[in-house]
Amino acid sequence: MTIDILTIFPEMFDSVLNASILGRARQAGLIEIEATDIRPFSASKHKNTDDYPFGGGAGMLMMAQPIADCIRAVCDKRGAPCLSNLEPHESADVKRIYLSPRGVPLTQKLAQELSGEEHLILLCGHYEGVDQRVLDKYIDLEVSIGDYVLTGGELGAMVLADCVARLIPGVLGSEESPQDESFSDAGLLEYPQYTRPREFEGMPVPQVLLDGNHAKIAAWRREQAIRVTQERRPDLLNMATLTEKERRKLIEESAEQHDSRGK
Ligand code: ADE
């Protein structure tokens with residue numbers, strides 16, 4: 001997979017792209033990620049990338065021209081079909097994403113879908129946003145990383161690139177498997193984990209994890225995952241894959257809690 005990030009602050013990506021798992025995956029040739037500076041594509045004398053909004057209002061907007069030229073240049077370089085004469089959504093080989101609080105929420109499911117793409121282009125906005133025309137013509141999808149407003153799309157692009165990249169086969173070592181973690185297929189949050197020592201500041205590791213009975217360990221972890229999800233994100237339980245027995249137990253427990261509160 002190739003991820004091109006279009007930004008007016010490419011230097012923000014230096015450490016993120018070179019460190020840890022992403023750095024290793026890039027070196028191993030499993031993924032290519034490049035940050036491209038939008039500013040040199042500006043046709044204006046002073047390489048401006050922003051201007052005042054028509055109709056007035058606070059702040060500045062990113063202009064369409066430098067972004068459109070930057071997207072075209074990146075597509076040409078990769079041989080991707082995203083020239084301006086194509087309609088939005090027409091190109092199959094590349095997905096062009098604008099990071100914005102207005103976008104669809106980034107979820108593990110969306111990350112999984114995007115990890116199957118060959119080429120992602122991530123556009124980072126700044127100031128009060130981007131001229132709508134460049135979004136209409138060149139962007140396939142707007143993605144938000146949460147219900148809050150950042151100063152720009154760069155942190156969003158890093159989050160998206162990171163969570164998509166780790167789903168690409170080979171990027172995580174087998175010891176870092178994405179199978180059992182929060183938001184995996186079962187839709188549950190992750191169970192608690194422990195490592196050495198067996199006792200830390202008076203707190204022992206749960207005995208079941210030390211006994212070597214793998215069936216009991218799996219059952220304990222499953223129970224804990226359901227408990228943590230119920231406590232912290234009960235909204236996820238509606239969509240989670242639970243057995244009839246597990247659902248019945250949850251209903252019984254919540255009825256018991258309801259009764260004990262009523263007493
Ligand atoms: N840019 C500003 N806020 C954002 C958000 N919440 N998600 C993605 N990009 C953004």
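Which element gives the largest share of the shell around the ligand? In this predicted model, the largest share comes from S5, with three residues. Strand S5 spans residues 94-105. The elements that contribute two or more residues to the shell are this strand and strand S7, which covers 141-144.

The residues that surround the ligand are Leu-99, Ser-100, Pro-101, Val-143, Ser-144, Ile-145, Gly-146, Tyr-148, Val-149, Leu-150, Gly-152 and Gly-153. By residue class, the shell divides into seven nonpolar and five polar residues, with no charged residue. The ligand sits in the second largest pocket.

A backbone N or O atom of Ile-145 is placed 3.0 Å from a ligand nitrogen atom. For Gly-146, a backbone N or O atom lies 3.1 Å from a nitrogen atom of the ligand. For Leu-150, the distance from a backbone N or O atom to a nitrogen atom of the ligand is 3.0 Å. Taken alone, the ligand exposes 260 Å², of which the protein buries 96%.

Other local features were examined along the chain. A cis peptide bond, with omega about 5°, joins Arg-196 and Pro-197. Pro-197 is located in the loop that runs between helix H6 (154-165) and strand S8 (199-200). Its relative accessibility is 48%, so Pro-197 counts as partly exposed; the class of exposed residues begins over 50%. Pro-197 and Glu-32 are 165 residues apart along the chain, and their C-alpha atoms are separated by 39 Å.

Helix H6 itself contains Leu-155. This residue has a relative accessible area of 45% and is therefore partly exposed. Between Leu-155 and Cys-124 the C-alpha to C-alpha distance is 8.8 Å, and the two residues are 31 apart in sequence.

Positive phi values in residues other than glycine occur at Lys-47 and at Tyr-127. At Lys-47, phi is near 60°. Lys-47 is placed in the loop between strand S2 (32-37) and strand S3 (50-51), and because its relative accessibility is 34%, Lys-47 counts as partly exposed. At Tyr-127, phi is near 55°. Tyr-127 belongs to the loop between strand S6 (119-124) and helix H5 (132-138). With a relative accessible area of 36%, Tyr-127 is likewise partly exposed.

Thr-229 lies in helix H7, which comprises residues 214-232. The relative accessibility of Thr-229 is 0%, so this residue counts as buried, the limit for that class being under 20%. A polar atom of the Thr-229 side chain lies 2.6 Å from the backbone oxygen of Ala-225.

Terms used: Residues numbered from 1 in each chain as written. Predicted model: local features only at pLDDT ≥ 70, side-chain atom pairs only at ≥ 80, totals over all residues. Heavy atoms only, no water. Near = heavy atom within 4 Å. Polar contact = N/O pair within 3.5 Å; in protein donor to acceptor, adjacent residues only side chain to side chain. Areas by Shrake-Rupley, 256 points an atom, 1.4 Å probe, with all protein chains shown as cover. 1 Å grid on protein atoms, 1.4 Å probe; cavity = no way out; pocket = protein on both sides within 12 Å on 5 of 7 lines; lining within 4 Å. Sits in = over half its atoms within 2 Å of the grid points. Helix = DSSP H or I, 4+ residues; strand = E, 2+ residues; numbered from the N terminus. Nonpolar A, V, L, I, M, F, W, Y, C, P; charged D, E, K, R; others polar. Buried < 20%, exposed > 50% of the residue type's maximum accessible area, 1.4 Å probe, protein only.
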